[in-house]
Amino acid sequence: MPTHAAEIGSPAVRSLSRRSFLAVAGISVAGALAACSGAPTGTKHLRLSSWNIPLDLETYQALADEFVAAHPGTSVAVEVTTGQFHQWFITRLAADLAPDIIRITPQQIGRYAANGSLVDLTGAVPAEYQDDWSEPFWAIGAKADGLFGVFQHTDNFITYYDKRVIEQIGVDVPQTLDEAWRWDEFLEIAREAQRITGRYGFGYGWSGPETAYRWMPLVYQNGGAFLGEDGETPSMDTDAAVGALDFGRRWYADGLVSPANMSKSGGGAVGRDLFTTGQTGLLLDNPEAIAALDEARPGEWGTTYMIRNGGEASDLGGNALAVTRSSKHPELAAELVAFLTSRTNVAEFCRQGNWLPARSSLDAADIGYERHEATMQQFIDQAATIPLSMVRAQSGPYFSSLNSVFADYLDLCFLGELTAAECGAQMTEAMRSVTTR
Amino acid sequence: MSPHGETLTVPGTPTVVTDPGSGPAARSTSAGTTTRRRRARWAPYLFVGPAGLLFLAFSLVPIVIAVALSFQDTATLGDGAWVGADNYRTMLSDPLLRTALLNTLVFTVGTVPTAMAIGLALAVALNRPLPGRGLLRALFFVPMVAAGVVVGVIMSWIFNPDYGVANNALRAVGLDGLPWLTSPRTAMMTLVLVVVWTRIGFCMVIYLGALQSIPSELREAAAIDGASRWQRFRRLTVPMLAPTTSILLILNVVFSLQAFDVIYVMTGGGPGFSTTVLIQYVFRSAFGDARMGYAAALGLLLVLILLVFTLLRQRATKKAEELL
Amino acid sequence: MTATTLRPAPSTTPQPGRSPRARRSSRRRWLLTAGLTAVAILVVFPLYWMIVSALTPGGQSQSSEFYLWPDAPTTGNFTEVFATQPVWRWLGNSFLVATVGTALSVCVSLGAGYALAKYRFRGRGLLYALFLVTIMIPIQVTLVPAFLVVARLGLVDSPWAVILPTLFDVVGIFIARQFMLGVPDALIEAARLDGAGELRTFFRVVLPSCGPLVGVLVILGFMNRWNDFLWPLVVLQGNESLTVPVGLSTLTTNPAFSSPWGAVMAVATVAVVPLLVVFLVFQRTFVQGIASTGIK
């Protein structure tokens with residue numbers, strides 16, 4: 001210690017601090033110069049920001065390189081978006097430094113489409129595109145005052161099952177969407193599954209508080225709706241919605257689902273982890289689970305359609321591509337969005353990343369998935385059950401706030417702190433305070 | 001807090017002057033009383049200049065903008081509309097804010113004294129000549145090197161009730177697992193546990209530093225006078241540490257009120273609203289709801305709470321000094 | 001107490017425990033050591049567990065069996081995440097930001113601490129009070145305004161955007177001031193009588209006695225910068241330019257995709273271990289430094 005002190009006090013330190021001061025000054029000047037000469041003269045540079053999924057980043061870059069090759073004098077860089085999306089994006093937008101093109105979920109897009117943060121793509125995107133998108137999928141980007149994004153790829157929930165468990169129960173697995181397990185049937189099977197695993201019956205594919213909306217299809221399966229016909233009026237207090245909440249409450253009250261497997265609880269994909277380790281017999285989840293299941297339990301699992309009740313519905317997963325108002329070259333950026341969402345490129349993107357196409361004309365065979373083609377086709381078929389009204393609700397201007405409210409009250413209901421009716425009433429009230437803000 | 005800094009050196013007892021090199025000039029630690037006259041006027045500004053400029057650019061300007069924001073409605077991005085004190089009025093009738101304040105109180109009261117008490121106990125124990133003392137000190141400090149995000153990720157993994165190692169261990173010895181973060185009744189307790197874990201090292205090191213500067217003659221004198229170990233701790237160590245305690249208290253309260261990452265990653269404020277604290281609500285208002293104005297007002301409320309706490313604390317210290 | 005802060009030489013203070021009295025109760029000492037060791041193991045366990053989880057193949061880490069070491073440890077999680085993510089770049093960026101930021105901020109804190117402790121000048125009290133109030137302001141509130149400032153300065157996406165705004169470090173200034181209060185005025189006065197100028201006095205006389213202070217500022221500063229999260233999150237862009245904690249966050253709370261936990265644990269380990277090593281090497285210096293800074 002004393003030697004250390006002596007060193008610090010030596011003349012070497014003095015010269016060091018002087019030198020470091022000069023270094024700072026030098027670097028600052030260099031930084032300022034770099035900032036001035038940031039954009040190479042003449043080249044139109046675009047930045048595309050995607051979630052940090054290595055395969056997707058590669059595909060985006062490869063496709064963008066094709067685009068650049070066809071458009072001399074342009075360049076495209078693929079960047080990554082962090083998890084705290086709104087924090088990052090709002091801050092970036094405020095300083096006019098958001099990426100030109102953003103990969104954004106349907107649940108996130110509404111606010112930015114409504115408040116002028118995204119560029120209207122009408123005209124830049126070929127008119128015939130709309131014909132190849134289902135009405136709900138097109139509605140994600142298409143709002144009353146313009147087209148603010150093109151849905152690129154989707155995913156949704158189907159039912160994964162443990163082959164051994166289903167054999168022991170001795171139940172037939174639904175082969176068509178119509179045959180999908182009804183709620184009562186499913187609960188019976190789940191009880192049997194729980195008996196066999198000795199732990200839980202099934203799991204649900206949430207992964208954090210932002211994904212609370214993944215449970216919303218259950219409301220629509222029971223004939224309810226999150227927002228009413230006008231797409232604005234909170235309607236979680238209807239009989240149908242309350243019935244759905246009551247159904248969800250029973251999952252936990254009967255011990256069929258682990259209390260750790262709830263939207264707000266952290267720790268990643270809990271439902272998936274429980275399934276891969278044999279602690280549940282069934283799993284309602286999206287295609288991401290496939291990779292994990294292939295690794296942990298190859299050949300031991302199968303899939304069937306999402307559960308249903310009076311109505312059918314599944315989760316609205318996937319991403320749209322949108323152009324932000326920070327873009328210095330919005331026309332070029334819009335052109336890139338159109339290029340990335342061409343039929344060929346959507347197919348290529350989905351094949352590489354194991355995603356489902358947003359375009360209706362593509363089926364599993366067209367895309368040529370390397371593995372599990374039948375399961376992927378099931379997902380593609382299931383995508384047709386995503387209701388338009390749910391899409392409108394989730395891609396509306398207030399959804400980010402409404403999703404928090406949904407998460408809060410879903411939690412309270414499933415934990416048994418509120419009855420389904422109380423939850424429906426209080427959630428609707430809290431939603432109203434958001435929509436009338 | 002500022003005059004607090006001044007008081008830090010005040011309560012030292014004159015009996016402690018052991019350094020022969022310190023003349024009368026040294027005892028007058030208040031700045032520059034003897035040297036002022038010969039000093040160049042520009043000098044202090046040169047030394048404090050860089051900090052001042054950085055403060056101006058990256059703290060003061062943003063804070064002024066934030067204060068201005070708190071009087072605006074910025075529900076949509078871009079230009080906010082001036083709404084006077086509306087955001088402050090909204091607070092009065094915001095039920096979630098009440099919940100958040102209550103949770104903040106519970107969280108702060110749960111974390112701060114616990115972390116400080118454990119830190120003090122460890123510091124006292126490790127100030128003795130124990131075998132392996134250096135290693136032990138290092139081990140207790142280890143949790144502090146992990147970033148909040150990392151702590152959140154590790155801890156939600158450890159406390160998963162189904163396959164986390166905490167419950168696996170409890171079950172292995174024949175006990176029932178606990179619900180940890182998944183029940184409104186235990187989630188806050190678990191968070192407090194985790195945050196205390198991250199803090200004890202810091203508290204320990206600061207206390208240890210303070211203990212080492214208590215001259216051993218004092219303690220030995222007390223020991224010769226026949227004071228028991230506990231008496232010595234109570235009558236000598238604790239009062240000598242009072243200024244340290246005072247700083248640690250304020251720092252810990254600041255840390256607790258601003259603890260965001262760990263809670264965000266581990267519970268997202270749930271289950272239900274059971275771990276929604278004020279800073280969580282500020283974040284949610286600012287970015288989840290895109291209500292920058294309201295968030296700024298909430299943030300300023302937090303600052304106000306801290307300021308009031310600091311001032312109260314300071315008055316209490318002053319009182320205690322007068323009594324002594 | 002005033003006097004002990006004057007000379008940063010705690011190592012010369014006789015250790016209290018060397019007295020014969022302490023030697024007599026050696027059995028109690030061992031008992032205490034055993035107890036403390038048990039607690040220490042519990043305290044270190046979460047980080048041990050992070051490393052174990054990173055070495056455990058998928059499957060076992062989610063099982064409900066109790067184990068302390070994986071049946072078949074593997075470095076697969078590391079090789080995979082290092083192959084698919086620019087982890088080395090993240091580490092390099094963190095290192096750059098932390099070292100340059102720490103070096104500069106220590107200079108800033110030393111200067112400010114010296115001025116606030118040893119000069120009497122107009123606005124000193126107000127300035128110090130304002131400095132201290134800033135640590136009470138939650139970053140969530142000033143994030144957007146601060147970013148606007150940085151953007152106006154044209155710094156976004158360069159390491160300077162991370163470094164510059166964090167150079168002003170209130171805790172550092174506070175510690176520096178506390179320490180400088182203990183530097184004898186007589187020392188400074190003597191230098192001045194010898195005809196040394198203001199800068200010369202600072203560099204020749206004051207700075208040499210600040211060794212332990214610099215040690216503490218460096219360790220605390222490096223740690224805070226290495227772990228800084230929210231600010232780098234908004235100012236950095238491009239996977240190649242992220243720091244480790246921000247890189248980690250692109251793998252975790254991501255609404256479109258959940259990364260495998262093995263990968264997350266591996267990156268978490270990579271984020272913690274370098275700091276752990278640095279700290280274990282310097283911990284003695286650190287504790288002694290704290291002792292002499294006069295934070296009390």
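Predicted model: local features only at pLDDT ≥ 70, side-chain atom pairs only at ≥ 80, totals over all residues.
Student: What percentage of the residues in chain C is buried?

Tutor: A residue is buried if 20 or more other C-beta atoms, placed from the backbone, lie within 10 Å of its own, exposed if 12 or fewer do, and partly exposed in between. Chain C has 296 residues, and the buried share of them is 58%.

Student: How many residues of domain 1 of chain C are in contact with domain 2 of chain C?

Tutor: The domain assignment, automatic or from a database, gives domain 1 (19-74) and domain 2 (83-293) of chain C, and their centres, taken over C-alpha atoms, are separated by 31 Å. Two residues are in contact if their C-beta atoms, placed from the backbone, lie within 7 Å. On the domain 2 side of chain C eight residues take part, and on the domain 1 side the number is seven.

Student: Which classes make up the side of domain 1 of chain C that touches domain 2 of chain C?

Tutor: Ala, Val, Leu, Ile, Met, Phe, Trp, Tyr, Cys and Pro count as nonpolar, Asp, Glu, Lys and Arg as charged, and the others, Gly among them, as polar. On that side of domain 1 of chain C there are no charged residues, and the rest are four nonpolar and three polar.

Student: Which element gives the largest share of the side of domain 1 of chain A that touches domain 2 of chain A?

Tutor: Chain A is divided into domain 1 (44-154 + 317-383) and domain 2 (158-315 + 398-435), and the contact takes 14 residues from domain 1 of chain A and 14 residues from domain 2 of chain A. On the domain 1 side of chain A, the elements that give two or more residues are α5 (106-114) and α16 (373-383). The residues of that side of domain 1 of chain A divide into two nonpolar, 10 polar and two charged. With five residues, the largest share comes from α16(A).

Student: Is helix α3 roughly parallel or roughly antiparallel to helix α14 in chain A?

Tutor: The axes of α3 (residues 54-70) and α14 (residues 343-353) of chain A come within 9 Å and cross at roughly 150°, where axes are lines fitted to C-alpha atoms, for helices over the stretch in contact, and angles run from 0 to 180 degrees between N-to-C directions. Angles under 35 degrees count as roughly parallel, over 145 as roughly antiparallel, 65 to 115 as roughly perpendicular and the rest as oblique. The crossing angle therefore makes the relation of α3(A) to α14(A) roughly antiparallel.

Student: Which residues in α14(A) meet α3(A)?

Tutor: The residues of this contact between α3(A) and α14(A) divide into three nonpolar, four polar and two charged. From α3(A) come A:Leu55, A:Asp56, A:Thr59 and A:Leu63, and they meet, in α14(A), A:Asn345, A:Glu348, A:Phe349, A:Gln352 and A:Gly353.

Student: Where does B:Trp180 lie?

Tutor: Most residues other than glycine have a negative phi, and most peptide bonds are trans. B:Trp180 is not a glycine, yet has a positive phi of about 45°, and B:Trp180 is buried, with 27 other C-beta atoms within 10 Å. Its place in chain B is the loop between α8 (165-172) and α9 (187-212).

Student: Which residue with a positive phi follows α13(B)?

Tutor: In α13(B), 11 of the 11 residues are buried, so this helix is largely enclosed by the rest of the structure. The residue that follows α13(B), with a positive phi near 55°, is B:Ala290.

Definitions and conventions:
Residues numbered from 1 in each chain as written. Chains lettered and ligands numbered in written order. Helix = DSSP H or I, 4+ residues; strand = E, 2+ residues; numbered from the N terminus.
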